[in-house]
Amino acid sequence: MAAAEKQAVTGAGPFNDLLTWIDQRFPLVETWRAHLSEYYAPKNFNFWYYFGSLALFVLAIQIVTGIFLTMNYKPDAAQAFASVEYIMREVPWGWWIRYMHSTGASFFFICVYLHMFRAMLYGSYRKPRELLWIFGMLIFLCLMAEAFFGYLLPWGQMSYWGAQVIVNLFDAIPIIGPDLAIWIRGDYVVSDATLNRFFAYHVVAVPLALLALVVAHIVALHEVGSNNPDGVEIKKVKDPKTGRPLDGIPFHPYYTVKDGFGVVVFLVVFSIVVFFAPEAGGYFLEANNFIPADPLKTPPHIAPVWYFTPYYSILRATTENFMWVLAAGVVAMAGLVIWSVKNTAARICVAALAAGLLAGFFTLDAKVWGVVLMGLSVMIFFFLPWLDRSPVKSIRYKGPITKTAIALFVIAFFVLGYLGTQAVTEERTLAAQIGTAVYFLFFFLMPWYSKMDKCRPEPARVGSK
Amino acid sequence: MSDPSKPNRARRKLIIASACAGGAAAVGTAVPFAASMLPSERAEALGAPVEADVGPLAPGEKMTVEWRGQPVWILRRTKEMLEGIKKADGKVADPRSERKKGELTPEYARNEFRSIKPEYLVVVGICTHLGCSPQDRLKAGPEAFESDWTGGFYCPCHGSLFDLAGRVYRNKPAPDNLRVPPYTYLSDTRILIGEDKKGA
Amino acid sequence: MTRLLAVLALAAPLAFAAEEAVRLDAAPIDPRDVASLQAGARSFVNYCLNCHSAGMVRYHKLQDLGISEQQVKDNLLFTADKIGELMNVSMTRKDAKEWFGTAPPDLSVIARARGPDWLYTYMRSFYRDPESATGWNNMVFERVAMPHVLWTLSGQQVQVERRFRTREQAEAVGRQQKNAWKVDVLTPEQAGKDAERYILKTIRTDTAGSLSQVDYDVFVRDLVNFMTWMAEPNQVTRKQVGYVVLLVLLALLVLSYLLYKEFWKDVH
């Protein structure tokens, strides 16, 4: 739309004149309409739909509190720990800023996990939203990196040894591992050099990446429009006169007002933690991290922060014995795929891949495969849009198999998470191995069970609930 | 039959009420963030008053004490030095320290010798031009910059001159007299710099 | 009881070399008891601040406990000249390592790292051990390098072992103890013919100190109370602000809910 032809902002007065001046030079009103006042979202969003805007809100909290923490924090191994206590004790309101940042980190993961779970429930990753899902997964990876780098900064015992353990995982990679680990650390062990660069990643690099990805995520969302709890595409049924989706309502004012309420509820819960239980029983601020990092003294019990524990569990579950289970699994999966797929070339590829994996299972260390499985447990989410072959999107219309599968997955996730906080015992390892199996089977068997499940027909219009 | 104007008015009131409450909450949230940028307890502790023991100071000797990161000079002036100050009255720009009184010269220093006791000069040793630390030229006698020098301080950066009461000479780059910090005597030989009797 | 269980869950990894975890006593501290905190401050400065630093705490912070500036300067200012300085000690880490084998840790946030119950039990679990370098050992922290600095107050304790057939018997007797106790178990091979495999380890006073057991417990309680305060001096302010914030949020909650419902009347 050329500037000369642009509709002047309706109404008179200096404010509207200013808006018109801006609007002739910047797509202000256009953007407002396209993304807020005339962007139509389904009217049946439920509880699960709060967490996207809440995640954005927590991102804002983390950035603002992060900026103020950076004003006083010292990214130097000799000064880091004391500088955090300096912020807690001597900077006016420093304790509040610090607690908001530490609590915000955990709440970020709570919101993001619930946000992702919503997508799993309602099939929000299905076509045409695959790219939206991919951007989201990339955000999740950045978030994990951000949390990992950030956790080193207080330079406590957990900070130091957690970083040491995870960077050593890279060491386990065949051939290039040791050099790679040294390059990552900038030293032979986690040290001041590592702290300084992790600070740069945490404060500049990853936040920039996160912001870019969040913008891409929202742009991709607005391109295709939101999904909803019924899995119905609201764009399919439009008002003939206005062209607006019949089951849609403009985001502003309806969802701005609803998300505003959501933010206040969130702040109540958030504030209860920040002001009355910032350590959250040792889960948000770990007791051991109040001991300054000591490279010569390994704590008896190194555990990652709670939001990483499910994956950590999977890592530890991969023992020598478990390799047999994996081998059996690979053989069974290969068999299943070969039986389902008719293409000969594909069959040969699958067989070759399976053979290669089996060879690898028994030549490379179980430790290496533990790292692989841990990585796979996150990466596999990327493939969800293509694993789910159900004719319907939303769990409301799916059959008993899918419902059971999701329930089992959730239980496995929580069990793995809990086990990740505990010390290793034989019974716990067995439980973790079962949990790992359920976790992966949820994904690997999905192409089959999602297809065979008895679904109900998806409605054409959004339901009453 | 619903009245179309009624819900709009109720809605508008609610919007205004929410906007006000939200705005107030936002300001309430912003204040601690801004406050966090004020000097911390460490800055306050480091900026705390400093005690100087002038007992060992001989007449004509000068000692330097650090306060708030600045050098504070304590000069024990001799009778000759005090007379030299009177002689410099005509050469200095602001002989009665009337310029920027509140900033540079506290009440108790608004006198002939710019100090509580004439014997001890207490000034911040930073040139009021661009912040260099002037050098001692305490002895009276001819100097390159002034043939009839009665004693004081010479700033090497741009040539500003100050007398033995810290008053700046006329026609020099520095505009003001040397600052007299808040200070008080804890005893005859102990000076507390950074705090005066009122406890400022 | 739940607190004890929670502490036990945390205690397990912390008892490094011990076979089994020591049962920690609940520290009967009251953060609002100003007299206790002041007594603890005095004890800390007099007994601990020679070897242990509290390098993230400034002396002037003690004024928050109702101790005046002059009182701090007269009675508590040993390792610094000015009241605004940090509570550091003159012993360097290098010297400390040479003399003790390990540097005494800074105690500024030890109460958040170990927990008050651990500290309370630890200070009351020293016993004489002729085989250790210092002559002392500790039930909670085996082979600790710290000598029992407070022995003149607590008197000298020795460790006592009693054997039982079952764990339940051992624990039943243990729970009656006023001090720290733990139950170690021998494997059948180690026990040999002896059917009593469960060893209850407790301590008993051999030589009395200047304080009775009850008074010494109070002394330690005050010290731990102080250390808990020292680990987070802003605790009280934090909660006070919290109440105000929740009140404001409650008002916002009502308003935002009404606003939401008002607009959504349009949607069917």
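This report describes the chains of a predicted model, the sheets and helix pairs within them, and the contacts between them.

Residues are numbered from 1 along each chain as its sequence is written, while chains are lettered from A and ligands numbered from 1 in the order in which they are written. Because the model is predicted, local features need pLDDT of at least 70 and side-chain atom pairs count only at pLDDT 80 or more, whereas totals for chains, interfaces and linings use all residues.

## Chains A and B

Helices (H or I, at least four residues) and strands (E, at least two) are DSSP runs, numbered from the N terminus. Chain A has 18 helices and two strands. Chain B has four helices and nine strands, and along the sequence these follow the pattern α-α-β-β-β-α-α-β-β-β-β-β-β.

The radius of gyration is taken over C-alpha atoms, and the globule rule is 2.2 Å times the number of residues to the power 0.38. For chain B, with 200 residues, the rule gives 16 Å; the chain has 27 Å, well over that value, so chain B is more spread out than a compact globule. For the 465 residues of chain A, a compact globule would have a radius of gyration near 23 Å, and the 25 Å of chain A agrees.

The table sets out some values for the two chains. A residue is buried if 20 or more other C-beta atoms lie within 10 Å of its own, exposed if 12 or fewer, and partly exposed in between, with C-beta atoms placed from the backbone.

| Chain | Span of the C-alpha trace along its principal axes | Buried residues |
|---|---|---|
| Chain A | about 70 × 70 × 40 Å | 37% of 465 residues |
| Chain B | about 105 × 40 × 25 Å | 27% of 200 residues |

Two residues are in contact if their C-beta atoms, placed from the backbone, lie within 7 Å. Of the contacts in chain A with a separation of 6 or more, 77% are between residues 24 or more positions apart. The corresponding share in chain B is 54%.

## Sheets of chain B

Two strands pair if DSSP finds at least two bridges between them. One open sheet of chain B has three strands in the order β1-β9-β8, with antiparallel pairing. Its edges are β1 (50–53) and β8 (183–185), each with a single partner strand, so one side of each is left without a neighbour in the sheet. Neighbouring strands of this sheet are turned by 25° against each other on average, direction ignored. Between β1(B) and β9 (residues 190–193) there are four bridges, and these strands run antiparallel. B:Ala52 has B:Ile191 in β9(B) as its bridge partner.

Another open sheet of three strands in chain B has the order β2-β3-β4, also with antiparallel pairing. The edge strands β2 (62–67) and β4 (120–124) each pair on one side only. Here the twist averages 20° from one strand to the next. Six bridges link β2(B) to β3 (residues 70–76), and these strands run antiparallel. B:Trp67 stands opposite B:Gln70 in β3(B).

## Helix pairs

Two packed helices are described by the angle between their axes and the distance between the axes. Axes are lines fitted to C-alpha atoms, for helices over the stretch in contact, and angles run from 0 to 180 degrees between N-to-C directions.

In chain A, the axes of α7 (residues 157–171) and α8 (residues 177–185) come within 7 Å and cross at roughly 140°. Residues that meet here include A:Val167 and A:Phe170 in α7(A), and A:Leu180 and A:Ile184 in α8(A).

In chain C, α2 (residues 34–48) and α10 (residues 213–231) pack at an angle of about 90°, with their axes 7 Å apart. The two helices are therefore roughly perpendicular to each other; angles under 35 degrees count as roughly parallel, over 145 as roughly antiparallel, 65 to 115 as roughly perpendicular and the rest as oblique. Among the residues of this contact are C:Leu37 and C:Phe44 in α2(C), and C:Phe219 and C:Trp229 in α10(C).

## Contacts between chains

Chain A puts 27 residues in contact with 28 residues of chain C. On the side of chain A, the elements that give two or more residues are α4 (80–89) and α10 (251–276). The most come from α10(A), with 13 residues.

Nine residues of chain B are in contact with ten residues of chain A. On the side of chain B, α1 (5–35) and α2 (41–46) give two or more residues, and α1(B) has the largest share, three residues.
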